[in-house]
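Subject: Structure handover

Hello,

Please find the structure below. My notes on it follow.

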Amino acid sequence: MRDEERRGQTGRGGRRGLRIAAGCGALAAFGAALILAASPAPASKGGSEFDAWLRQVETEALERGISRATVETALADLEPIPEIVQLDRSQPKKPAEFCSYMERRLTSTRIARGKRVMSEHRALLRELNAEYGVPERYLVALWGLETNFGDYLGDYPVVGALATLGHDPRRGAMFREQLISALQIIDEGHQGADTMRGSWAGAMGQVQFMPSTFLAYAVDHDGDGRKDLWNSTPDALASAANYLSQAGWRSGETWGRPVSLPADLDGATRTLRRKRALSDWQARGVRQADGGDLPESNLRGSIVQPRREKGGPAFLVYPNYHAFLNWNRSTFFAVSVGTLADAVTGRSSFRSCGS
Ligand SMILES: [Ca+2]
C-alpha cells in the first residue's frame, strides 16, 4: 500500500478552470470590418486572400499590445504550408487501440531511460517537487511521453504553422488565437520568430506547450530572464510542474492504479463521473490488479476502462488523474502518464493488456 493512497484528501485544493479560450469570433469580425475599411494590402506570393487574412491578424496583434516590430518581422513573407494542412486533415478519425498505444509509448527503452533521467536530474526534480508539490516521476513521465525526454521538439516553424492552420477554415479560430499568443511570446523575448520551432500543430519545447499554455504556465526556473522551454530543462520541467499544480494537482496523493473488476460489476459504474470511496469499490468486488485488497484510504476514485469490451484493463483513478486529462483530454494519454510514472519508479503492476 502506498502512503499517497492512505493520505486521502489532504492535498491541495481543486481545479482552477484552465480551458484554453478557443474562440475569437467577435474579434475576428471586428478585424474583418477594419480590413474592409482599409485600403487593399498588396498581394504577396502567399496569395491575396491569405495576405488579407494576415493583415487582419496583424491589426489584431497590434491592438492587443504586441509591438509593430515583432508583428512585422514575424509575419513577413509567410505563406501557407500545404504539408501542414495535409497533416491536419490526415489525423486518424478512430483512436488507436489501447493496448498497442500503451505498448508503443511505454517501451522498455523509454522506461529504462526514464529511470536514468530521474537519477541524472534528481536535484532539479526534488526542487520542483518541493516548490510545486508534483513528484519527480510525473514530470519525467510527461517529459518522456511528450518529446522522449527532449529528443523530438518538432522542427516546423511555429508562426508559419499556426498561420496556416489559423487561415484554414477547419479549426481556424482556435489556431488564430494561438498565433497571436505566439507573437506575444516572441514580443516578450522568450524566443525569436525564426527560431520558434515546434510540432506541425504549434506545440513547442520539451513538454510541448501550445502558445496560450506557454503564456499561462511557462516559468523561468533557471533565472536567466527567458522562459526557454526548448533549451532549458529546468524551465521546461518547472513549467510542466506549474501546469499540473495549477490544474489542481493534490500534493501527497497518487493518480490511480490498475485494478481487476468483478465480472458482475454494473457497466454504468465504469465511468469517470461515478466516484466512490475505495471501501465502496472494495465491497463491490474491485481489487488490486494482482488480486489483493484495495488499500484503506480516504480517497475517492472512479473506474476507467479504456478498452471498452469486457475484460479490458481497468484503472481506479483519483483526483490527480484529472490534472493529466486537463493537460490532454485523451483517456489513453492520461493513463499512459500515470503508468509510465509508476514504471520509472518500479511501482507498476500493469504489465500488458493482451493477456
Ligand atoms: Ca530561463
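Strand S3 is mostly covered, since 4 of its 5 residues are buried. A residue is called buried if 20 or more other C-beta atoms lie within 10 Å of its own, exposed if 12 or fewer do, and partly exposed in between, with the C-beta atoms placed from the backbone. Helices (H or I, at least four residues) and strands (E, at least two) are DSSP runs, numbered from the N terminus.

Two points on the source. The model is predicted, and local features need pLDDT of at least 70, side-chain atom pairs count only at pLDDT 80 or more, and totals for chains, interfaces and linings use all residues. Residues are numbered from 1 along each chain as its sequence is written.

The sheet around S3

S3 belongs to an open sheet of 5 strands, in the order S4-S6-S7-S3-S5, with antiparallel pairing. The edges are strand S4 (276-277) and strand S5 (287-288); each has a single partner strand, so one side of each is left without a neighbour in the sheet. Two strands count as paired if DSSP finds at least two bridges between them. In general, strands of a sheet pair through backbone hydrogen bonds, either parallel or antiparallel.

S3 covers residues 256-260 and is joined by 4 bridges to strand S7 (residues 314-317), the two running antiparallel. Within this pair, Arg257 has Leu316 in S7 as its bridge partner, and Pro258 stands opposite Phe315 in S7. S3 is also antiparallel to S5, with 2 bridges between them. On that side, Ser260 has Arg287 in S5 as its bridge partner.

Arg257

Leaving aside neighbours within four places in sequence, Arg257 is in contact with Gln288, Phe315 and Leu316. Contact here means that the C-beta atoms of two residues, placed from the backbone, lie within 7 Å. Arg257 and Tyr318 are 61 residues apart in sequence, while their C-alpha atoms are 8.7 Å apart in space.

Two helix pairs

Helix H8 (residues 122-132) and helix H13 (residues 233-246) cross at roughly 30°, and their axes come within 10 Å. H8 is therefore roughly parallel to H13. Axes are lines fitted to C-alpha atoms, for helices over the stretch in contact, and angles run from 0 to 180 degrees between N-to-C directions. Angles under 35 degrees count as roughly parallel, over 145 as roughly antiparallel, 65 to 115 as roughly perpendicular and the rest as oblique. The crossing of H8 with H13 is right-handed; a crossing has that hand if the near helix is turned clockwise from the far one by less than a right angle, and is left-handed if anticlockwise.

On the H8 side of this contact are Leu124, Leu128 and Tyr132, which meet Pro234, Leu237, Ala238, Ala241, Asn242 and Ser245 in H13. These residues divide into 7 nonpolar, 2 polar and no charged. Ala, Val, Leu, Ile, Met, Phe, Trp, Tyr, Cys and Pro count as nonpolar, Asp, Glu, Lys and Arg as charged, and the others, Gly among them, as polar.

Helix H4 (residues 68-75) and helix H11 (residues 172-187) pack at about 120°, with their axes 10 Å apart. H4 and H11 are therefore oblique to each other. Their crossing is right-handed. Thr70, Val71 and Ala74 in H4 meet Leu183, Ile186 and Asp187 in H11. The residues of this contact divide into 4 nonpolar, 1 polar and 1 charged.

A loop with positive phi values

Asn148 lies in the loop between helix H9 (136-147) and strand S1 (156-157). Asn148 is not a glycine, yet has a positive phi of about 50°. Asn148 counts as partly exposed because it has 16 C-beta neighbours inside 10 Å. Phe149 is found in the loop between H9 and S1. Phe149 has a positive phi of about 60° although it is not a glycine. With 19 other C-beta atoms within 10 Å, Phe149 is partly exposed.

The whole protein

The protein has 16 helices and 7 strands. Of its 355 residues, 42% count as buried. Among contacts with a separation of 6 or more, 71% are between residues 24 or more positions apart.

Regards
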